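Please look over the sequence and the 3D structure shown here before reading on.

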Amino acid sequence: MSRQPRSWLFVPADSEKKIAKAIESGADALIFDLEDSVAGSEKARAREILKGLAPRAGGPQWWVRINPLRTEEHRLDLELLGKADIHGLVLPKAESGADIVELQHRTGNIPVHAIVTETAASLFGLLSYRDVKSSPLAAMSWGAEDLSAALGAASKTDRKGRLTFPYQLARTLCLAGASAAGVQPVDGVFADFRDEPGLIEEALDAARDGFTGKLAIHPAQVGPINEAFSPTDEQVREARSIVDAFAADPSAGVLSVNGRMVDKPHLIQAQRVLDRAGE
Ligand code: COA
Ligand code: MG
């Protein structure tokens, strides 16, 4: 899996049964969780389970969500490095680029996926991820659950079930911050895992806005997410005709393709679609 993962499936790392299911789920990336979904009393056992997983060739990327910086559990989680097959680390409750630098001092260049909107202060730090030198940052995602707890909200949705303004803001700042930093923007979890139409709608909205993947919490969410973040045949055809038109006429700034005006932003967008389609 060298392309950016479309689906990032969380698995509580203390459940061997769920780990086995997750490996077979078709997710592009798994996130073995040592943070919020694992009780304090089970964290040590969860680390042992991760150490015991046999390394493999191919299959989904293996990421580990460690505990937040400056906690005792965080220090213990980092002892896993070198002892378990880990592609990258997911850092929760990240507040700024300085947090990435702090983690990098301890972990070197192992890729980092930061969850960047989980505290009140984090909303003021979204541009700072751009400024980290030789950054190991590979992806940024946003979270509404911890943020609503931090802000003291009664709910993150309105009466019609739509995200209220603070969470739409967090989502947009994550997207813009990730794009500014040149890393993958990943949409947050859709918690109601039995509502497939709701998930599909949210994932397609995210793909339209520029996210290229989404967090998942249940294997049933993987298929719809992979589909929502795969360009359709029609999108690929359209992108191909734009790229070909500019290749055939390298001095052109603006062209007409299939009856539409296309210029530089359309070409960039078309190249992105082809990259995501693996072409
Ligand atoms: N990864 C792998 N397997 C999972 C899974 C996951 N994230 N979520 C559920 N499964 C398994 C279940 O164990 C169950 O297996 P079984 O048929 O062998 O019993 C099967 O899929 C169906 O699960 P279901 O009964 O629909 O859900 P559940 O009530 O067992 O679990 C949750 C619901 C929310 C507890 C579970 O989906 C979960 O643990 N999700 C991840 C939570 C997490 O990591 N949160 C942190 C990030 S926000
Ligand atoms: Mg959390």
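## About the model

This is a predicted model, in which local features need pLDDT of at least 70 and side-chain atom pairs count only at pLDDT 80 or more, while totals for chains, interfaces and linings use all residues. Residues are numbered from 1 along each chain as its sequence is written, chains are lettered from A and ligands numbered from 1 in the order in which they are written, and side-chain values use heavy atoms, leaving out hydrogens and water.

## Nonpolar cores

A nonpolar core is a set of buried Ala, Val, Leu, Ile, Met, Phe, Trp, Tyr and Cys residues joined through side-chain atoms within 4.5 Å. Buried means under 20% relative accessible area, exposed means over 50%, and partly exposed is in between (1.4 Å probe, protein chains only). The largest nonpolar core has 56 residues, and Phe32 and Met140 touch the most other members. Helix H6 (residues 165-181) gives the largest share of this core, 5 residues. Helices (H or I, at least four residues) and strands (E, at least two) are DSSP runs, numbered from the N terminus. There is also a second, separate core of 12 residues, with Val236, Ile242, Leu267 and Ala270 among them.

Contact means heavy atoms within 4.5 Å. Leaving aside neighbours within four places in sequence, methionine 140 has contacts that include His113, Tyr129, Cys174, Ala178 and Val186.

## Helix H2

Which residues of helix H2 (residues 43-52) are buried? They are Lys43, Ala46, Arg47, Ile49 and Leu50. Seen down the axis of H2, the buried residues fall within an arc of 155°, so they line one face of the helix; the arc is that of the directions from the helix axis to the C-beta atoms. Their cover includes helix H1 (16-23), strand E2 (29-33), strand E3 (61-65) and helix H3 (72-78).

## Ligand 1

There are 16 residues around ligand 1, of which Phe10, Lys17, Lys18, Ile217 and His218 come nearest; a residue is near a molecule if one of its heavy atoms lies within 4 Å of it. An oxygen atom of ligand 1 is 2.8 Å from an N or O atom in the side chain of lysine 21. For arginine 194, a polar side-chain atom lies 3.0 Å from an oxygen atom of the ligand. A polar backbone atom of isoleucine 217 is 2.8 Å from a nitrogen atom of ligand 1. On its own, ligand 1 has 890 Å² of accessible area, and the protein covers 65% of it; the areas come from the Shrake-Rupley method with a 1.4 Å probe.

## Residues in loops

Lysine 93 is not a glycine, yet has a positive phi of about 55°. Its place is the loop between strand E4 (88-91) and helix H4 (97-107), and at 22% relative accessibility lysine 93 counts as partly exposed. Asparagine 258, also not a glycine, has a positive phi of about 50°. Asparagine 258 lies between strand E9 (255-257) and strand E10 (260-262) and is exposed at 60% relative accessibility.

Alanine 13, in the loop between strand E1 (7-12) and H1, is buried with a relative accessible area of 0%. Alanine 13 and aspartate 33 are 20 residues apart in sequence and 5.1 Å apart in space, C-alpha to C-alpha. Lysine 156, in the loop between helix H5 (145-151) and H6, is partly exposed, with a relative accessible area of 21%.

Key: Polar contact = N/O pair within 3.5 Å; in protein donor to acceptor, adjacent residues only side chain to side chain.
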